[in-house]
Amino acid sequence: ARLHETSDEACSRGMALLSEGADCLQAIRECMTCLEDDALTNAGVGANLTVEGTVELDASVMCGSDGAFGGAAGVSCLANPCQGAGAVLVEGRQGVGADGRVQPMMLCAQGAERWATKRGFPLADGQSMVTARSRRLHSHHLSLADEAKVGAATGNGDGGASDAMSAR
């Protein structure tokens with residue numbers, strides 16, 4: 001029920017912007033921000049953690065009318081990577097920058113974070129996006145991986161996907 005409410009809220013925000021004359025990119029960025037800000041959706045706050053227990057978020061946006069694309073990947077301190085991805089798309093449409101280089105379509109990790117900082121995007125401490133639920137899930141998944149490794153090492157695994165993962 002709560003996920004349905006969050007989805008309705010995201011859609012309502014996007015539709016409100018469209019009814020006010022905003023373009024589709026603005027509307028979808030607003031929808032995505034709403035989802036990223038709700039830990040229930042696993043899209044930003046409360047996202048699954050890396051094996052190391054850190055946050056690395058990804059987002060991309062594409063416009064069907066002209067094929068323009070923008071993305072941000074592996075970002076740890078950009079609370080709303082969809083906003084960064086949208087800005088990459090907008091800047092990419094400008095073609096060659098003042099420095100004579102073609103604008104990027106995808107920015108990753110620290111490069112994306114430096115880019116966002118230069119443009120005044122609000123940054124967040126990556127740990128502030130970690131929730132109690134994401135920590136519990138992380139711990140649970142690590143214990144499952146450990147069990148799979150033990151099963152594979154002792155020959156007691158069931159031969160399933162977790163055994164294959166532990167053999168990497």
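Colleague: Which residue takes a positive phi in the hairpin of E1 and E2?

Modeller: In this predicted model, the residue is Gly67, whose phi lies near 75°, and the hairpin has six residues between its strands.

Colleague: In what sense do E1 and E2 pair, and over how many bridges?

Modeller: Strand E1, residues 57–62, pairs with E2 in the antiparallel sense over five bridges, and within that pairing Ala59 stands opposite Ala72 in E2.

Colleague: In what sense does E2 pair with E3?

Modeller: Here the pairing is parallel, running over three bridges between E2 and strand E3, residues 106–108, and Gly71 stands opposite Met106 in E3.

Colleague: What is the strand order in the sheet, then?

Modeller: The three strands form an open sheet in the order E1-E2-E3, and the pairing is mixed. E1 and E3 stand at the edges and have a single partner strand each, so one side of each is left without a neighbour in the sheet. On average, neighbouring strands of this sheet are turned by 5° against each other, if direction is ignored.

Colleague: Which helices pack on that sheet?

Modeller: Helix H3 packs on the sheet and touches E1, E2 and E3, with its direction making about 40° with that of E1. Helix H4, residues 109–118, also packs on the sheet, touching E2 and E3, and its direction makes about 110° with that of E3.

Colleague: Back to H3 for a moment: what hand does the β-α-β unit with E2 and E3 have, left or right?

Modeller: The unit made by E2, helix H3 (residues 81–92) and E3 is left-handed.

Colleague: Changing topic, at what angle do the axes of H2 and H3 cross?

Modeller: The axes of helix H2, residues 24–36, and H3 cross at roughly 160° and come within 8 Å. Because angles over 145 degrees count as roughly antiparallel, H2 is roughly antiparallel to H3. The crossing in which H2 passes H3 is right-handed.

Colleague: Which residues make the contact?

Modeller: From H2, the contact is made by Leu25, Arg29, Glu30, Met32, Thr33 and Glu36. The H3 side of this contact consists of Pro81, Cys82, Gln83, Gly86, Ala87, Leu89 and Val90.

Note on methods: Residues numbered from 1 in each chain as written. Predicted model: local features only at pLDDT ≥ 70, side-chain atom pairs only at ≥ 80, totals over all residues. Heavy atoms only, no water. Pairing = 2+ DSSP bridges. Helix = DSSP H or I, 4+ residues; strand = E, 2+ residues; numbered from the N terminus. Right-handed = clockwise from strand over helix to strand, strands pointing away. Axes fitted to C-alpha atoms, helices over the stretch in contact; angles between N-to-C directions. Parallel < 35°, antiparallel > 145°, perpendicular 65-115°, else oblique. Left-handed = near helix turned anticlockwise from the far one by under 90°. Contact = heavy atoms within 4.5 Å.
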